[in-house]
Amino acid sequence: MKFGMRKPSIRKSIAARTSVKRFIRHNLGLKAPRGYGWITNPKKYMYNKIYNRTTFSIFSLFKKLFK
């Protein structure tokens, strides 16, 4: 598990927003409601919950500096 600052990847963030899988899921309405990750994939839910508590983004630092 990673601790500390995450390195942003512009390539990965663009790929995630323009993927065919995301396009189909959003257009057909096959998404689970927000907060239902523990039902759809419990292992991924727990990993992401811990990961997001132990790391921080460089963008969150900018938000705190310019607030």
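Tutor: A residue is buried under 20% relative accessible area, exposed over 50%, and partly exposed in between, with a 1.4 Å probe and protein chains only. The model is predicted, so local features need pLDDT of at least 70 and side-chain atom pairs pLDDT 80 or more, while totals for chains, interfaces and linings use all residues. Residues are numbered from 1 along each chain as its sequence is written, and side-chain values use heavy atoms, without hydrogens and water.

Student: Why is Tyr47 called partly exposed?
Tutor: Tyr47 has a relative accessible area of 42%. That value falls between the limits of 20% and 50%, so Tyr47 is partly exposed.

Student: What makes Tyr47 and Tyr51 a stacked aromatic pair?
Tutor: Rings of Phe, Tyr and Trp (its six-membered ring) pair if their centres lie within 6.5 Å; planes under 30 degrees apart count as stacked, over 60 as edge-to-face and the rest as tilted. By this rule the count is two aromatic pairs. For Tyr47 and Tyr51 the values are 5.9 Å centre to centre and 15° between the planes, so both conditions hold and the pair is stacked.

Student: Which other residues form a stacked pair, and on what values?
Tutor: Phe62 and Phe66, at 6.4 Å centre to centre and 25° between the planes. The distance is within 6.5 Å and the angle under 30 degrees, so this pair is stacked. Phe62, at 43% relative accessible area, is partly exposed, whereas Phe66, at 70%, is exposed.

Student: Where do Tyr47 and Tyr51 lie?
Tutor: Both are in helix α4, four residues apart, about one turn of the helix. Helices (H or I, at least four residues) and strands (E, at least two) are DSSP runs, numbered from the N terminus. An α-helix has 3.6 residues a turn, so residues three or four places apart point the same way.

Student: How many helices and strands does the chain have?
Tutor: Five helices and two strands, in the order β-α-α-α-α-β-α along the sequence.

Student: Why is Lys64 called exposed?
Tutor: Lys64, in helix α5, has 68% relative accessibility, which is over 50%, so Lys64 counts as exposed. The C-alpha atoms of Lys64 and Lys12, 52 residues apart along the chain, are separated by 24 Å.

Student: What makes α2 hardly covered?
Tutor: Among the nine residues of α2 the count of buried residues is zero. Of the 67 residues of the chain, 4% count as buried. Just after α2, Gly29 takes a positive phi of about 75°.

Student: What makes a set of grid points a pocket?
Tutor: On a 1 Å grid over the protein atoms alone, a pocket is an open set with protein on both sides within 12 Å along at least five of seven lines; in a cavity a 1.4 Å probe fits but cannot get out, and lining residues have an atom within 4 Å of a point. The largest pocket is lined by 30 residues, with Arg25, Arg34, Gly37, Lys44 and Asn48 nearest its centre. Helix α4 gives the largest share of this lining, five residues.
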